[in-house]
Amino acid sequence: VSKLPIVEGLMKYIKEKNIPFSMPGHKGGRGFYSTEEGKRLFKSIIDIDITEVDGLDNLHSAEGIIAEAQCALKKLYGSEKSYFLVNGSTSGNLAMIFSTFNEGDKIIVERNCHRSIFNAIIMRKLKPIYIKNLISESYNAPFSIDMEHFLQLIEEHSNIRGIVITYPNYYGICTDIKKVIREAHKRDIRVLVDSAHGAHFGINSFLPESAVALGADMVVMSAHKTLPSMTQTAYLHIGKAAEVDKVDFYVSAFTSTSPSYPLLASLDYARFYMEQKGSKDYAECINLANKYRTKINALDNVHIISKEELLDNASVFDKDESRYIINVLKRGSGHHLLSYLRGKGIQAEMSDENNVILILSPFNTEDDFDALYKALKNYTSEAKPCKHTKHISYKLPQVVLQPYEAIERKKFRVLLKDAEGRVAGENIVPYPPGVPLLIAGEYIDREAVEMIKYCLDNELTVLGIENEMIKVI
Ligand SMILES: Cc1ncc(COP(=O)(O)O)c(C=O)c1O
């Protein structure tokens, strides 16, 4: 038993000196070391861990240095007002949903949205209507929304109060939100964008445009995912249509009353870095990424998916080229490749059955890419290839109870074979592709039972199923 389990665990990890192709965006401090201002901040990181003393302003009613920094942030992104968040994009998603909608509102949201959005839907007692996600057959992953389905929903339903959409997704793939925003605004519907993975967008023309520039009404961005900022930091940007007083209230309500100055300082620094160096540095990063993608794609055991390959899918609008999707061509497993890379001292961001995701940044050097190339060159999969061949279907089930009603009901477990005709007590999510097959409160029909059985028979992970038992209401 360790005397300091977390501290020792972390020390052991940093000793491995893994090459960072994962979050956070500062890549082990390199983002701070890259400028004189960053070095100064980094050196003082413990000294600046202080409380709100005179002259240092207060995040909950900013008038001094924090207000000044938020003003610089708003100018960089071109918003009406921007906020620093120290409780992650999670708090931003909660604040944007609470300040825009009221109990009982009907909203359109993509089926594959982040947990924090599902949670906000429950807590704000909203009635969600889901847009189906398109699952790429070739790459076995959810790459975009089903645009046809979205257009059909917005046409069919009246009294829609808003749309919540992710841009880009974890794979760096961008839905055509320009079209979503145009269709929504025609009908006076608000568009809230979870752009947790898109804080670097719009800094130059090699990257997709930022959701703020595309006209979204509110946008949340995780600074820590791609920019040189510390974990848990995020930005919230609002447009003209937002009710500022309500946004102020909910941002404050979802934030600690002791916000960390090291986190606030790193948010200020990330904005400064992007303003001063973002455009040039990201151009170089994408150049390097393209060069090594060509090199790696000459190998025959893995394949990095290019933007051009994806654009033939009608709903895919753009792709972040500072993100690698390494596809294992169904010869192995993405999870196996991720742990192989870790064994070679390379930290990837995440894996699914067929793909590994790497987050690249200007702080990744040519040596990093070279190490990646060498590791991939020697990669031979010992893993069993993905067995299943059937496409996991996403017919949307009938809603019996709203998620906020389902959460309050008593639940019990039944064998999967006895679940037909009952109502799901929790979300059932097969991986891949990680999109909920059932959401709490939805009707379990025969097709859903068969699909879950199929996933289990083919050794896919199905969240919500334990020992062939499913929670029902
Ligand atoms: C799409 C998306 N939205 C929101 C979040 C929440 O961000 P945070 O962990 O910064 O709270 C994440 C985190 O992974 C995410 O992937």
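This is a predicted model: local features need pLDDT of at least 70, side-chain atom pairs count only at pLDDT 80 or more; totals for chains, interfaces and linings use all residues.
I begin with the chain as a whole. The protein chain contains 16 helices and 22 strands. Its radius of gyration is 23 Å, which agrees with the value near 23 Å that a compact globule of 473 residues would have. Along the principal axes, the C-alpha atoms occupy a box of roughly 65 × 55 × 55 Å. Of the 473 residues, 55% are buried. If we take the contacts with a separation of 6 or more, 73% of them join residues 24 or more positions apart. The accessible surface of the chain is about 21,200 Å², and carbon and sulfur atoms account for 50% of that surface.

The largest nonpolar core comprises 53 residues. Phe-84, Ile-108, Phe-150, Ile-163, Ile-165, Val-193 and Tyr-235 have the most contacts inside this core. Several elements each supply at least two of the core residues, among them the helices α4, α7 and α8 and the strands β4, β7, β9 and β10. Helix α11, which spans residues 261-297, contributes the most, with 11 residues. There is also a second, separate core of 29 residues, which includes Tyr-83, Phe-98, Leu-236 and Ala-242.

Apart from neighbours within four places in sequence, Ile-165 is in contact with Glu-110, Ile-131, Ile-145, Ile-177, Val-180, Val-191, Leu-192, Val-193 and Asp-194. Please keep Asp-194 in mind, for this residue is also among those around the ligand.

A side-chain N or O atom of Asp-194 lies 2.6 Å from a nitrogen atom of the ligand. The side chain of Lys-225 places a polar atom 3.2 Å from a ligand oxygen, and for Ser-222 the distance from a side-chain N or O atom to a ligand oxygen is 3.3 Å. Taken alone, the ligand exposes 390 Å², and the protein buries 81% of that area.

Gln-70 belongs to helix α4. Is Gln-70 buried or exposed? It counts as buried because its relative accessibility is 11%, and the cut-off for burial is under 20%. Leaving aside its neighbours within four places, Gln-70 is in contact with Leu-59, Ala-62, Ser-82, Tyr-83 and Phe-84. Phe-84, as I noted, is one of the residues with the most contacts in the largest core, while Tyr-83 is included in the second core.

Asn-301 sits in the loop between α11 and β12, and is buried at a relative accessible area of 14%. What does the side chain of Asn-301 reach? It comes to 2.4 Å from the backbone oxygen of Tyr-379, and one of its polar atoms is 3.2 Å from the backbone oxygen of Leu-376. Its contacts beyond four places in sequence also include Val-328, Leu-329, Arg-331 and Lys-377.

Leu-438 is likewise a loop residue, between β19 and α16. Its relative accessible area is 0%, so it is buried. Among its contacts away from its sequence neighbours are Arg-111, Pro-397, Tyr-443, Ile-452 and Ile-470. Glu-426, 12 residues away along the chain, has its C-alpha atom 7.9 Å from that of Leu-438.

Just after α1, Lys-17 adopts a positive phi of about 50°.

I close with further backbone features. The bond between Met-23 and Pro-24 is a cis peptide, with omega about -10°, and Pro-24 lies in the loop between β1 and α2. A cis peptide bond also links Tyr-167 to Pro-168, with omega near -5°; Pro-168 lies in the loop between β7 and β8. Lys-125, in the loop between α6 and β4, has a positive phi near 55° and is partly exposed at 35% relative accessibility. Glu-468, in the loop between β21 and β22, has a positive phi of about 60° and is partly exposed, with a relative accessible area of 46%.

Thank you for your attention.

Terms used
Residues are numbered from 1 along each chain as its sequence is written. Side-chain values use heavy atoms; hydrogens and water are left out. A nonpolar core is a set of buried Ala, Val, Leu, Ile, Met, Phe, Trp, Tyr and Cys residues joined through side-chain atoms within 4.5 Å. Buried means under 20% relative accessible area, exposed over 50%, partly exposed in between (1.4 Å probe, protein chains only). Helices (H or I, at least four residues) and strands (E, at least two) are DSSP runs, numbered from the N terminus. Contact means heavy atoms within 4.5 Å. A residue is near a molecule or strand if one of its heavy atoms lies within 4 Å of it. A polar contact is a pair of N or O atoms within 3.5 Å; within protein, one must be able to donate a hydrogen and the other to accept it, and residues adjacent in sequence count only if both atoms are side-chain atoms. Accessible areas come from the Shrake-Rupley method with a 1.4 Å probe; for residues, only the protein chains shown count as cover. The radius of gyration is taken over C-alpha atoms; the globule rule is 2.2 Å times the number of residues to the power 0.38.
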